[in-house]
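Grab a pencil and work through these exercises with the structure in view. Try each task before you read its solution.

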Amino acid sequence: MKSDFIVLGAELDGLLAAARLVELGRSVQILSMGAGGLHYAPAGVHVLGYGADNSEELVTDPMTAIANLSLDHPYRKVGAVAVQEALGWFAELSAKIGIPVTMQKENVLALTPTGQRVPVFGTTLNLATLDHCKGRTVAIVSFLGMRDFPIELLQSSFEKTDTTIQVAEAQLPSKLVENAALAKSFDGLNDLTAYFLDLKIRLQDGAELVLFPAVMGLRRSVEVLSAAERVLGLPCYEVPTLPSSVPGMRLDLALREHLQMNGVDTIGNFAPDQATSTPAGIWIKDIYGREYSAAAAIVATGGILMGGLEVLSNGQVRETLFGLDVVQTKPLSVTAVDQTLDALHKAGIQSDENLNPRYSQGDAVPNLFVTGQNLAHCNPAYEASADGLSIATGWVAAEKASTYLKGLTNG
């Protein structure tokens, strides 16, 4: 099967690169080795929450803070202007696919089920932030038997904020309590009004807003939460649960349906056998002998966490498809656990400003474009930058790849 481009992996960066390439009039195939990391992603758009060298240093303005990052950091390579353009494009796309995101002027603190307050730059419609709750009486909804929403930890988010907490136990919409199953149960409710009238009786007097675990529908979340606000007469927000992540699943589902409607073929559970890059193009064969070819490929396989990079028994890290050179900024033999994790995160593929990978001798591969957590010299976990990194590098890779193809075909 032949197309202009192959996207390898179903990570956010890969899905967004495919979406942008389609907008640019290019044909795309996605070869997916699994479900992708969005099923574990927290809600909101994390662009840059903490300083790269000090995870305790809270960043207020991510766009300004990019200038303080190392020159090797992916944000510096693509440039702050491109990061901002990519975020603006993503906001437009998210509205188009029914998961609208608003980019704030500065980071805001989103609530989490572990009691932490995490800086996010982009917020979905009903994402709960500390600013929503400070100094108010907040009703937290609890579903009996749900284990992925520890209310005691969530309550610690409000320490020293003059916030009054109430807990309201709600009826389950079905017998199922796992996150995705709960969300699908809300999708299937025929009478949302009756459900929320029952909850209204359970709320204590004085509640000024309501916090739900982020399971209020998979496909119908906007409708479900609108019905809750209408019946309860109060603002309603969602707090992310422990994984798996329903907000991440919503985005994943919406993006995949958008791509399908725009003619993108996705091969799921792809099992690669050989992958070759030459100046004449990209050739990939799976373990069943099926072959795929394209002018260029986006390598969005998710780094070490999702299997795009593999740690060998000797502590070396390798790229699993094309055998690209991997930079290890620190050895994996350090004694402290946090240093080992930092070394793992920062290990990755060295790229130029076009996101083309570079071999150790300095030569770039012009028809491969590397994105997201495959890239070296950043630690998205410490920085709270995973979403911004995916959006920026996915968008830039698509732009650069399209330009590359234009050069091959003279338009």
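**Salt bridges and a helix pair**

Lysine 134 is partly exposed, with a relative accessible area of 42% (partly exposed lies between buried, under 20%, and exposed, over 50%, using a 1.4 Å probe and protein chains only). The model is predicted, so local features need pLDDT of at least 70 and side-chain atom pairs pLDDT 80 or more, while totals for chains, interfaces and linings use all residues. Residues are numbered from 1 along each chain as its sequence is written, and side-chain values use heavy atoms, leaving out hydrogens and water.

**Exercise 1.** Find the salt-bridge partner of lysine 134.

*Solution.* Step one: apply the rule, a side-chain nitrogen of Lys or Arg within 4 Å of a carboxyl oxygen of Asp or Glu.

**Exercise 2.** Which of aspartate 286 and arginine 290 is buried or partly exposed?

*Solution.* Start with the bridge: their side chains meet at 2.7 Å, N to O. Aspartate 286 has 2% relative accessibility, so it's buried. Arginine 290 has 43%, so it's partly exposed.

**Exercise 3.** Describe how helix α8 packs with helix α9.

*Solution.* First, locate them: α8 covers residues 192-202 and α9 residues 221-232 (helices are DSSP runs of H or I, at least four residues, numbered from the N terminus). Next, the geometry: the angle is about 50° and the axes are 9 Å apart. Finally, the crossing is right-handed.

Key: Axes fitted to C-alpha atoms, helices over the stretch in contact; angles between N-to-C directions. Helix = DSSP H or I, 4+ residues; strand = E, 2+ residues; numbered from the N terminus. Left-handed = near helix turned anticlockwise from the far one by under 90°.
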